[in-house]
Amino acid sequence: VRALATMLTDAGGVLTRRALMGAIGALEQADRQQLHRLGVRLGPLDVFVVGLLKPSAQQWRGALLAVRTNTPMPAPPAAGASILGAEADARGAALAYRRLGRQWLRIDLADRLASHAHKVRSAGGDEPVDAELATSVGLDSAGIAKLMEEVGFTRSGEAWRWRGRRPPRQDRRTETSHAFAELEKLRRK
């Protein structure tokens, strides 16, 4: 719990779930309950502190980010906005929104849509997209497709098919080489 809380604190209260997979895998049920009591949401896409998504918290987090990185203050999104367009300040939007193509969707709403998709899949349902919620927040079809891709679905004709989450790609150029290649480097010196 401490390791996860430390990483979350360093990131300003929001991290992708992929970045925390090792820490999340080590959690027991009691640890998860403790995090829930602290307001930490272990969502399907993101791990975030719910209280830090509020507009006043975003403004303070933006100020801290500006001081930490010695950059100008990011432009905060309008209070209560559930979705932002492509023209939104990326640094300000990243404080509480997830980029989905040309749009930014508030992280808690992306979490609700992703959770719905997983529940429908586990129940054997046909339509993992909560079209009513997606429409009510103003998410376009490209944004829905990007979200569903990140959740683990792919479009198959008119339906969504589960493909599973793919592990992050590894950059082959940064991989360490094997022992014989290292010995060859030493021999050439």
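In this predicted model, helix H4 is the element that gives the most to the lining of the second largest pocket, with 4 residues. Helix H4 spans residues 55-69, and together with helix H1, which covers 2-10, it makes up the set of elements that give two or more residues to this lining. The volume of the second largest pocket is about 240 Å³.

The residues that line the second largest pocket include Thr9, Asp10, Ala11, Gly12 and Val14, and among them are also Arg61, Leu64, Leu65 and Arg68. Arg91, Ala94 and Leu95 belong to the lining of this pocket as well. The lining can also be sorted by class, as the table shows.

| Class in the lining of the second largest pocket | Count |
|---|---|
| nonpolar | 6 residues |
| polar | 2 residues |

How many strands does the open sheet have, and in what order do they lie? The open sheet has 3 strands in the order E1-E3-E2, and their pairing is antiparallel. Strand E1, residues 14-16, and strand E2, residues 40-42, are the edge strands, each of which pairs on one side only. On average, neighbouring strands of this sheet are turned by 10° against each other, with direction ignored.

Between E1 and strand E3, which runs over residues 46-49, the antiparallel pairing extends over 3 bridges. Within this part of the sheet, Thr16 stands opposite Asp46 of E3.

Note on methods
Residues numbered from 1 in each chain as written. Predicted model: local features only at pLDDT ≥ 70, side-chain atom pairs only at ≥ 80, totals over all residues. Heavy atoms only, no water. 1 Å grid on protein atoms, 1.4 Å probe; cavity = no way out; pocket = protein on both sides within 12 Å on 5 of 7 lines; lining within 4 Å. Points joined across faces, edges and corners; volume = space filled by probe spheres on them. Nonpolar A, V, L, I, M, F, W, Y, C, P; charged D, E, K, R; others polar. Pairing = 2+ DSSP bridges. Axes fitted to C-alpha atoms, helices over the stretch in contact; angles between N-to-C directions.
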